[in-house]
Amino acid sequence: MTRIRRLFLALLALALMCPASFAIDDEPNELNWTTLGSALTSFKHFYYYAKEHEDFRAKLLACKPNNELGRSSAVPKNIAAVWINGADFPAINGWGVETIADRAVASYPSGHGGGATRVVVTIPKSGYYRLWTEYYHDQGSTASFYARVEDAKVADLTGPNQAVVQDVFSWKFDFAEMGRVNDPLPNRRDEPTGFLWESTPMIWLEKGARTVTIAGMIHDGPFAPRRIASVVLTEEPIAVPTPPTKALQSPSKQARSLAKLWELRPVVGETNPELLALWKEWRDALFADLADYKLEGVEGRRMAALTAFDPDSNLIGTPRQIRDEKIRFQEFLDSFPKDAFIKKIEGEDFNVVDGWWKEGNADASGGQVLIASYGDGLVEAEYTLDVPKAGAYSFWSRVLDLPGYLAEYHLTIEGADGQKTETTFCADEEENKKSPGLKWVETKAELPAGEVKLTLWKEYGPGLTYRRYDCLIVTNAANFSPEGQGEIVPTSDVNDLTFWTSDPWAGFTRLSAPKSGETIDKPLDVELPYGAQKSYSLLIRNEGDEPQTIEPEIVDDAANLLSCRLQAFTLSPQFGWAPHPLLERKSITIPPQQTVGLWLTFNGDVESKDEKIALKLGEKTVEFNVTRKVDLRSAPVPYVGGWSAPYEQVSCWETFKRLGLNVINDLIVPSDVAKKYGIKLFVRLNDGDVSPEHVAQVEKSFKDYGYSHDDWAWSFMDEPGASMSDAWVELAKKFKEAAPGVRVWCNPGELWGAPADSDLKMLPYVDCYCPYADHFWQNGGGNETYQKELHGEGRQYAIRLTYTTPCFGEKALGAPGDMFGPMQTSVQNNLDGWMFYALLGRYEYCNSPWDEMNAYVGDQSVYLYQGAEFRTISTRTGEAIREAVDTWRAERLKEKNDIETP
């Protein structure tokens, strides 16, 4: 969909001219300023707030908007409208026309999903439009559908899964979520039978042709047929539309009476500080009412379930989640045993004497655990700490507990007096019967003052299970009990901001503090290869009692190598509040006694020489010495994908390209567009229809878009294994007869379910082979013939890949580290790339992709987010994908140079 981007382009131009500026403030695509300013529910709240608070209203009306970027918020003098009757939609893909209550409606049968029907319309003039739908509702039932405004070219697409890269505006109507158990969203199921109107926030549309599409959705029942009487795009900002009597009408009486307030409502791009302060006052009041569920009606309660970014705490969540967490965290700070001794020791900070090793773990407080084999034999790790005074101490250990396996750990405590105390601990037997996970276990001991040596060990393996040890908290606070990952309030004599760098893939909490030697006291050296990107995590802690706000400023960066983003916190049920999305912000607030993270990206895709770059953060300046030596631009590029396609917005395709994601599933775009975005392979996913007619139709759709057989592949089913290998082979035989030149894709699941025998049945028909990573880890299960195939010593495949499913810890502190595993498997086995399941696990019946509290699908993973203004927001995990790609390319270039060098 073509649309005005004046705000974005103006700010982007400003950023290019002045590197110190950020392009825009990122926000989630839900409770952002655009939505709050133009959704009827929130504008109604804005109107009544101004009416009830005379001082606020007087100040508001005295303000002069300074919307210098041209995003007009005025009520138009002449209202344009595009009115589509239900009968105007073509009877295609299961849609038809029927009469109900004496009206002709577009009709589609009840049930899940549904095909699409669309019409091309002409937008008579550029402006803000509200999309309305009028549909027939059966009391007690739901009939969810969406309406979309798309590029006019969409109406001409005929091939299966053909698409164009565009920004799509889409909205759910008569929506009832499927499967949400906790705090389900309200719906219109119980409203009286009859025609209902629903509307969207306003969107900017330029004059010209558009496609308007309607389609059924997956949703909760009981079900009723979709019966849509009208779809309307109108510049009228307030009133329910009425059929137009002429091309341009006058605004409604309601709009005229509210014009002054409408023109002072929040809009993106405003710069008047007085008006911005008033908007924030109202937004805080709105969010307080949303948190208390005070907004009545379906739309008000739905709005309460949407997410927003809170710049005062750097949290992303629903208004209630944010409010409750701010209260909880402050209570935690206030109640912390400040006079007691308390020391947290990460398992990876122990000095390993023998047997232990480090392993990445998504739930570990530092992103790693110490791990020991289940076999017999002594393993030891040591740590020395200073104890301020003698007395009774608690030792809280966080260990992995697996139901059915009571793994014992031993901790020997040796004081300065030479006396030793040996403790043995494991998870509680009743607790062990519950869910697996890292859990806290307490042991107690009397300690002398002075230096104390701790030895963590195990000698034999009852229960035959690995030991995984996360961290240890030692304290003499009698009533302290750790929660989550064991947050400890740091103590410091510095009453100001502290700056340090940390491992960008390990994560941090709002209570992280620098370890010895981590603070920044000299310029940082950055080796930035051409064609690569480098990521750094810069943490800032506010030891004071008042919030501090800084405006990051990048200077002396003529090539625009450096960008800076905020690591915002999101909530997930397993890991609590953890840093994940990366937001571009003009200003960043560091709350008192808390830590925030900045994400620094050095873009080696840009041509430059060595540079000295400075990042000003308030009174602190961090300097970087950037050197450009290695050149990866001639290195091979791996195939990397996530069993997904980009969101339908241009910025997401651009983000895919920047991160190195070049395998796309289940849609195709023209070949020149694919080249622009660096796409290497399209996969027709899990299509078991191998009839000659269907195969020929799909093959033609690729050919019409300019592709050869080398550019795409066909998948029959997901994770075929022992139970389905014979059926898979039969499909492959038929497919090869119908389309002998088309590549066949196969991705067997884990080795236990897809053993070597079943894989060897399928391999003669496979062109693109992508087995689960444990096929390589376990060396084909010991089957020599299969080992040769895995190692590239058998038949020649067009593409050899691997994949894993790191989809349960996507918001964890250590999640970015998971992205390097499949790359390492690819490097070790000389593969052409790797896949993740699932990169963008967003389903049409799901709630917000920001809200993992109520994720419907256990393996739903969201590594990129949709932001306001059709932006795509990357994550720490997404950036790790790019880093893994660059590492793979560097390894391949090194191999190439080793071969070519005599």
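Is Asp666 buried, partly exposed or exposed? In this predicted model, for which local features need pLDDT of at least 70, side-chain atom pairs count only at pLDDT 80 or more, while totals for chains, interfaces and linings use all residues. Residues are numbered from 1 along each chain as its sequence is written, and side-chain values use heavy atoms, with hydrogens and water left out.

Asp666 has a relative accessible area of 33% and is therefore partly exposed (buried is under 20% relative accessible area, exposed over 50%, and partly exposed in between, with a 1.4 Å probe and protein chains only). Asp666 lies in the loop between strand S37 (663-665) and helix H12 (671-676), where helices (H or I, at least four residues) and strands (E, at least two) are DSSP runs numbered from the N terminus. The phi of Asp666 is positive, near 65°. Glu719, in the loop between strand S39 (712-715) and helix H14 (725-738), also has a positive phi, near 50°, and is partly exposed at 38% relative accessibility. Within H19 the buried residues are Phe820, Pro822, Met823, Thr825 and Ser826. A cis peptide bond, with omega of about -5°, joins Gly221 and Pro222; Pro222 is in the loop between strand S9 (208-216) and strand S10 (226-234). Most residues other than glycine have a negative phi, and most peptide bonds are trans.

Ile345 belongs to strand S14 (residues 342-346) and is buried, at 1% relative accessibility. Apart from residues up to four places away in sequence, Ile345 touches Phe350, Tyr383, Leu454, Cys471, Leu472 and Val474, contact being heavy atoms within 4.5 Å. Ser535, in strand S27 (residues 533-542), is likewise buried, with a relative accessible area of 9%. Beyond its neighbours within four places in sequence, Ser535 contacts Pro504, Trp505, Trp599, Leu600, Thr601, Glu879 and Glu883. Asn476, by contrast, occupies the loop between strand S24 (467-475) and strand S25 (497-502) and is partly exposed, at 23% relative accessible area. With neighbours within four places in sequence set aside, its contacts are Ala340, Phe341, Lys389, Ala392 and Tyr393.

The axes of helix H7 (residues 273-291) and helix H9 (residues 319-335) come within 8 Å and cross at roughly 95°. Axes are lines fitted to C-alpha atoms, for helices over the stretch in contact, and angles run from 0 to 180 degrees between N-to-C directions. H7 and H9 are therefore roughly perpendicular (65 to 115 degrees). Phe287, Leu290 and Ala291 in H7 meet Pro319, Arg320 and Arg323 in H9. The residues of this contact comprise four nonpolar, no polar and two charged, with Ala, Val, Leu, Ile, Met, Phe, Trp, Tyr, Cys and Pro counted as nonpolar, Asp, Glu, Lys and Arg as charged, and the others, Gly among them, as polar.

Eight cavities of 30 Å³ or more were found, a cavity being a set of points on a 1 Å grid over the protein atoms alone where a 1.4 Å probe fits but cannot get out, with lining residues having an atom within 4 Å of a point. Grid points are joined across faces, edges and corners, and a volume is the space filled by probe spheres set on the points. The largest cavity holds about 100 Å³. Eleven residues line the largest cavity, with Thr34, Tyr128, Arg265, Val267 and Val268 nearest its centre. Helix H2 (residues 33-38) gives the most to this lining, with four residues.

Conventions
Angles under 35 degrees count as roughly parallel, over 145 as roughly antiparallel, 65 to 115 as roughly perpendicular and the rest as oblique. On a 1 Å grid over the protein atoms alone, a cavity is a set of points where a 1.4 Å probe fits but cannot get out, and a pocket is an open set with protein on both sides within 12 Å along at least five of seven lines; lining residues have an atom within 4 Å of a point.
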